[in-house]
Every structure is written in C-alpha cells, then in structure tokens.
Amino acid sequence: MTVDKPGVLLVNLGTPDAPTTAAVKRYLKQFLSDKRVVDVPDLFWQPILRGAILPFRSPRVAKLYASVWMEGGSPLLVFSQQQREALAQKTDMPVALGMSYGNPSLEHAVDTLLDQGVTRLIVLPLYPQFSSSTVSAVWDGLYNTFRKRRTMPAIKFIRDYATHPLYIEALKDSVQRSIAEHGKPDLLLLSFHGIPQRFANQGDDYPKRCEQTYHALAQALGLSSEQIMMTYQSRFGREPWLMPYTDETIKTLPDKGIRHIQVMSPGFSADCLETLEEINEQNREFFMHAGGETFHYIPALNADPLHIDMMLALVNQFK
C-alpha cells in the first residue's frame, strides 16, 4: 500500500553564490539564457550575451550585490531561507527551498523532499502575480527535473495569489506599520517588476494580476487614486516594457507637490537586489535629487508572520 506523504516546495528566482564578477557571470548566464526571460533566438542572442552583456554587466552587478550582501548570503537567499524555516515550524509537512537559477537548485530541493519519502509535491512559486517569465519558468524547471527520471510524485501547483485575502491583509498591515512609524505620505507607490509589453500583448496576464493586487490593497487601505499609484521597475533592453516606469515617474513627483512618498514592491515576496538597491538606493536618490523631502521604502513581506500564515493557508489547501 502506497503511503501518501505531501511535501512543500518553495521556489524563488535565484541568486549568485557570491558578490563577485565570476559568480554573477555564472548566474546571469543561466538566467538570461532562459527563453522564458529572453526569447531571442540563440543564434542572435548568445553572441550578444557572451560577448557584450556578461563581460560588461557582471562586474557592475557584482558591485551592486556587494552593497547589499548579508552575512548569510544574498538578501533573497537569506530571507527565502527564513521563510522556509518559518513555514516548516508551522506544518508537519517537509518544506524545501529551490531556485530557478543558481543555488539551491530546483533539482536539489526536489531530491531533498523525495529523500524524505514525499509522494506529493505542493509547489508554491513565491511570485504573488503570475508571469510566464517567472511562474512558467518554475514549471519548466520541474519538467526538466523529472524528464529523465522513471518516476515522479503527484504535483499540486499554485499558480499565484495576487488577491488572496491573507496576502492583501499582510500588505495592508505592512503599510499601516510604516505609516505609524513615518507618518502618512503624500503618495503610496507600488512598484512591480516589469516585463516586456510584448509578453502582455501575447497573452501574459501579469499586468492584470498586478492591477488586481493594486486595487485590492487600495480598497483595503481606503486610499483614493490620488493617494496610491502603481508603476513598473527593472526594465532591461531597448524594447518597450510595461508602463509607467518607476524611475521616470519618481523623478516627476516633486514637481507635482508630492514631497513625501513611501514605496513598496508587492511583487517581491522577499527583499533582493531589485528592492534594496534599485528602489531603496537608486530611486531614493532620483526622488531626493528631484526635490523630494522624505522617502521610505516599505520592506517586502519576507518572513513576516502574516506572510507565513498566508503561505500555510495556500499549501494546506492541498495537504
């Protein structure tokens, strides 16, 4: 008789192993070679990637990682591990962490669970809003993990949780704590990670999911469209990405009389380079240089108890 044993697989994007040029180059090569991320044919893309992007971008990105690196590794890894540990303390199911790129690898995380006798994987990609470039990449990674094996467990896959009540409640609580500490801002800015506009035109419903999160949080906080807005950050390359762009928007706010802003990135389940360096350093500088007076970054939910409660509710649906 087969024993049914569920296990939880948490998945996030990934991180270099160290804030060095060599480690960042390895990571970026894997990340930017994924067709879910850059869908340019290899014949054209790989010479550009290897000959121009990796040699010049890797040293620059390594310095940025060094500016936010933590004792236990990159912020994304440290906070993701904290999430895994916190969730494991609240459930009797084994919980493993895997990354789509870099370490710990998705395959290593799956092996960790299977070695504990897991027969049913509950997969939770830590992306609140679905995108083909992130969530579908997790699906691809699972396929690649099992494609050469003679057996596989049952799989329950959580697509996203953009409007889950506990997710919105956790975001609301985070904003309210920030306001209690720093005062009410002229504007609450929600900065989501961007994707090429072309992906959305081809059917990726990511912008719709971001908008649904935005509207749900605005309603929960009782904020009008003059008090809260959403933008998209982290664009790469020359083609149009989802707009409005975070950096360009922030530069215009002081001229509109908006001198105090608080910024959060609801699309990131854990703080990382894009939040700690791009938002809290680069975009803070843009705002202050343009005449802003007060800028506060509201941290990602990380291992906040309400965030872990939400994860538990999500995975318990399939326990």
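In strand 7, Leu187 has Ile261 as its bridge partner. The model is predicted; local features need pLDDT of at least 70, side-chain atom pairs count only at pLDDT 80 or more, and totals for chains, interfaces and linings use all residues. Residues are numbered from 1 along each chain as its sequence is written, and side-chain values use heavy atoms, with hydrogens and water left out. Strands (E, at least two residues) and helices (H or I, at least four) are DSSP runs, numbered from the N terminus. Strand 5 (residues 187-193) and strand 7 (residues 260-264) run parallel and are joined by four bridges. Two strands pair if DSSP finds at least two bridges between them. Leu189 stands opposite Val263 in strand 7.

Strand 5 also meets strand 6. Six bridges join these two strands, which run parallel. Here Leu188 has Ile228 of strand 6 as its bridge partner. Strand 5 is mostly covered, with six of its seven residues buried. Buried means under 20% relative accessible area, exposed means over 50%, and partly exposed lies in between (1.4 Å probe, protein chains only).

Angles run from 0 to 180 degrees between N-to-C directions, and axes are lines fitted to C-alpha atoms, for helices over the stretch in contact.

What surrounds Leu188, leaving aside its neighbours within four places in sequence? Leu188 is in contact (heavy atoms within 4.5 Å) with Val175, Leu221, Leu223, Gln227, Ile228, Met229, Gln262 and Ile298. Leu188 is also part of the largest nonpolar core, which has 45 residues. A nonpolar core is a set of buried Ala, Val, Leu, Ile, Met, Phe, Trp, Tyr and Cys residues joined through side-chain atoms within 4.5 Å. Leu10, Leu87, Leu124, Leu188 and Leu190 touch the most other members of this core. Apart from it lies another core, of 35 residues, among them Phe31, Leu54, Val110 and Ala137. In soluble globular proteins, nonpolar side chains tend to be buried together.

Strand 3 (residues 120-125) pairs with strand 4 in the parallel sense over four bridges. Across this pair, Leu121 stands opposite Ile155.

Helix pairs came next. Helix 3 (residues 75-88) packs against helix 11 (residues 305-316) at an angle of about 65°, with the axes 10 Å apart. Their crossing is right-handed. A crossing is right-handed if the near helix is turned clockwise from the far one by less than a right angle, and left-handed if anticlockwise. Gln83, Ala86 and Leu87 in helix 3 meet His307, Ile308, Met311 and Leu312 in helix 11. By class, this contact has five nonpolar, two polar and no charged residues. Ala, Val, Leu, Ile, Met, Phe, Trp, Tyr, Cys and Pro count as nonpolar, Asp, Glu, Lys and Arg as charged, and the others, Gly among them, as polar.

Helix 4 (residues 106-114) and helix 5 (residues 135-146) pack at an angle of about 65°, with their axes 9 Å apart. The crossing of helix 4 and helix 5 is right-handed. Leu106, Glu107, Val110 and Leu114 of helix 4 make the contact with Val138, Gly141, Leu142, Thr145 and Phe146 of helix 5.

Pro244 lies in the loop between strand 6 and helix 9 (246-252). Pro244 counts as partly exposed because its relative accessibility is 33%. Pro244 and Leu188 are 56 residues apart in sequence and 15 Å apart in space, C-alpha to C-alpha.
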